[in-house]
Amino acid sequence: MNQGSGDYGGGLVGQIAGGGTIRECFSTGDVNSQSERGGLVGSTVGGGAGTTLMINSYATGDVGGSYAGDRKGGFMGEYGRFGSEHIIENCYSTGDMNSSAGGGFAGEGSTGGSIISNCFAAGGTIANSTAG
């Protein structure tokens, strides 16, 4: 997926708003867009409208691009915005993440009652300013 401009790029879903479920899904393609991008999901936002579940899913493509305010991750770019709750279990990413800021599994996570269990990132992480 190559998105020249704009936010919320994901190998499977660009953005989940208000809760939803991703179960036993995967993406193998590379993702390249401006900000809030991930190998499987670009961003999830809630606003208290529901819980987002991501279970038994993975991404194997590389995540790249550079933009000053980006939040990129090998599996998901951003989660937990506006106090939304997440349950993320048995998920992983194996692609490389190369960006100005981001993480191997998730680019940015906010507080709000999120639970991440039995998840990992196996790809390389390169970031110009902030990496995890």
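The model is predicted: local features need pLDDT of at least 70, side-chain atom pairs count only at pLDDT 80 or more, and totals for chains, interfaces and linings use all residues. Residues are numbered from 1 along each chain as its sequence is written, and side-chain values use heavy atoms, with hydrogens and water left out.

**Sheet.** Four strands form an open sheet in the order β4-β9-β14-β18, with parallel pairing. β4 (26–27) and β18 (120–121) each have a single partner strand and stand at the edges, so one side of each is left without a neighbour in the sheet. Strands are DSSP runs (E, at least two residues), numbered from the N terminus, and two strands pair if DSSP finds at least two bridges between them. Strand β9 (residues 58–59) pairs with β14 in the parallel sense over two bridges. Within this pairing, alanine 59 stands opposite serine 93 in β14.

**Serine 93.** This residue belongs to strand β14 (residues 92–93). Serine 93 has a relative accessible area of 0% and is therefore buried; buried means under 20% relative accessible area, exposed over 50%, and partly exposed in between (1.4 Å probe, protein chains only). Its side chain reaches the backbone oxygen of glycine 104 at 3.1 Å. Not counting residues up to four places away in sequence, serine 93 touches residues including Ala59, Gly74, Phe105 and Phe120, where contact means heavy atoms within 4.5 Å.

**Aromatic rings.** The whole structure holds four aromatic pairs. Rings of Phe, Tyr and Trp (its six-membered ring) pair if their centres lie within 6.5 Å; planes under 30 degrees apart count as stacked, over 60 as edge-to-face and the rest as tilted. Two of the pairs are listed here.

| Pair | Centres | Planes | Class |
|---|---|---|---|
| Phenylalanine 26 and tyrosine 58 | 5.3 Å | 10° | stacked |
| Tyrosine 58 and tyrosine 92 | 5.0 Å | 5° | stacked |

Phenylalanine 26 lies in β4 and tyrosine 58 in β9, so their pair ties together parts 32 residues apart in sequence. Tyrosine 92 lies in β14, so its pair with tyrosine 58 in β9 ties together parts 34 residues apart in sequence. Phenylalanine 26 is partly exposed at 48% relative accessibility, as are tyrosine 58 at 25% and tyrosine 92 at 26%. Phe26, Tyr58, Tyr92 and Phe120 form one aromatic cluster.

**Core.** The largest nonpolar core has 12 residues, among them Ala59, Phe75, Ile88 and Phe105. Such a core is a set of buried Ala, Val, Leu, Ile, Met, Phe, Trp, Tyr and Cys residues joined through side-chain atoms within 4.5 Å. Leaving aside neighbours within four places in sequence, isoleucine 88 is in contact with Met54, Phe75, Met76, Phe105, Ile115, Ile116, Ser117 and Cys119.

Methods:
Polar contact = N/O pair within 3.5 Å; in protein donor to acceptor, adjacent residues only side chain to side chain.
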